[in-house]
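Subject: Structure handover

Hello,

Here is the structure that I said I would pass on.

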Amino acid sequence: MNEIIEITAKDNHQFSAYISQPSGKPKAGIVIIQEIFGVNTHIKEVTDLYASKGYLCIAPSLFDRIEKNVTLNYDENGISKGRNLKELCDKDALKDIEASISVVSSAGKVAVIGYCWGGSLSWRIGCEASNLSASICYYGGDIPKLKDLEPKCKVLTHFGELDKGIPINDVKIFEETRPDVLTYTYPADHGFNCDHRSQYNKTCANIAFERTLKFLEQNLN
């Protein structure tokens, strides 16, 4: 079962979130953190996918601080608007993620899984929040620049070796600096997990998904 709910952050900002429940008792909670394209069809599909694996999942609409009901296409216009909204919402996004963690904590331990901008936010919240058990970060562009942050939970990162926006040399420096983080790279471009984008790489996406599921099992159950 899935639905849109309203949540209030600690600064009293009200925002919507897509919540998806498993068929039985949830094993744990997961916050799915959006790309720069909003809580669109892809993010809802990802949320439902992890719910089908037994987790109570929620995807907060992080653009609600500026504009409600934002869902963008994977084209030049979508990228341009998404980047602009990201800049405006980046500072306060962690507040909305924290509120979302609280919602799904009713299921037990909680992880975050983020993509693109959400990958960077997953790293940041994993280094701030004391009530997270795991953080999974897909191709977060800010992660190599924030390599000196100290994670407070177990962290798994996925990067594309062909991603021009996140040079592989920067990823290797991050890996050397943070041996406590489990880092995988793939012969793929940015956004390789998303089957709505031209960069989608089914083989790499499937391998990363299986690694993510294993990581969740190890750290949430």
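At what angle do helix α3 and helix α4 pack, and how far apart are their axes? Before the answer, some ground rules. This is a predicted model, in which local features need pLDDT of at least 70, side-chain atom pairs count only at pLDDT 80 or more, and totals for chains, interfaces and linings use all residues. Residues are numbered from 1 along each chain as its sequence is written, and side-chain values use heavy atoms, with hydrogens and water left out.

Helices (H or I, at least four residues) and strands (E, at least two) are DSSP runs, numbered from the N terminus.

The two helices
Helix α3 (residues 93-104) and helix α4 (residues 117-126) pack at about 75°, and their axes are 11 Å apart. Axes here are lines fitted to C-alpha atoms, for helices over the stretch in contact, and angles run from 0 to 180 degrees between N-to-C directions. The angle makes α3 roughly perpendicular to α4; angles under 35 degrees count as roughly parallel, over 145 as roughly antiparallel, 65 to 115 as roughly perpendicular and the rest as oblique. Contact means heavy atoms within 4.5 Å. On the α3 side, the contact is made by Ala93, Leu94, Ile97, Glu98 and Ile101, and on the α4 side by Trp117, Leu121, Arg124 and Ile125. These residues divide into 7 nonpolar, no polar and 2 charged. In that count, Ala, Val, Leu, Ile, Met, Phe, Trp, Tyr, Cys and Pro are nonpolar, Asp, Glu, Lys and Arg are charged, and the others, Gly among them, are polar.

The sheet
The model has an open sheet of 8 strands with mixed pairing, in the order β1-β2-β4-β3-β5-β6-β7-β8. Strands β1 (2-8) and β8 (182-186) stand at the edges with a single partner strand each, so one side of each has no neighbour in the sheet. From one strand to the next, the twist averages 20°. Helix α5 (residues 168-177) packs on the sheet and touches β7 (154-160) and β8; the direction of α5 makes about 160° with that of β8.

Two strands pair if DSSP finds at least two bridges between them. β1 and β2 pair in the antiparallel sense over 7 bridges, with Thr8 opposite Gln14 in β2. Their hairpin has 5 residues between the strands, and Asn12 takes a positive phi near 70° there. β2 also pairs in the antiparallel sense with strand β4 (residues 56-60), over 4 bridges, and Ile19 stands opposite Ile58 in β4. In contrast, strand β3 (residues 29-33) and strand β5 (residues 110-115) pair in the parallel sense over 5 bridges. Ile30 has Ala111 in β5 as its bridge partner.

Buried means under 20% relative accessible area, exposed over 50%, and partly exposed in between (1.4 Å probe, protein chains only). In strand β2 (residues 14-20), 6 of the 7 residues are buried, so β2 is largely enclosed by the rest of the structure.

His42 and the cysteines
His42 is in helix α1 (residues 41-52) and is buried, at 4% relative accessible area. Not counting residues up to four places away in sequence, His42 touches Glu35, Tyr74, Asn193, Cys194, Asp195 and His196.

How many disulfides are there? The count comes to 0, where a disulfide is a pair of cysteine sulfur atoms within 2.5 Å. The sulfur of Cys116 is 9.9 Å from the closest cysteine sulfur, in Cys194, which is too far for a bond. Cys127 is in no disulfide, and the nearest cysteine sulfur, that of Cys153, is 7.5 Å away.

Regards
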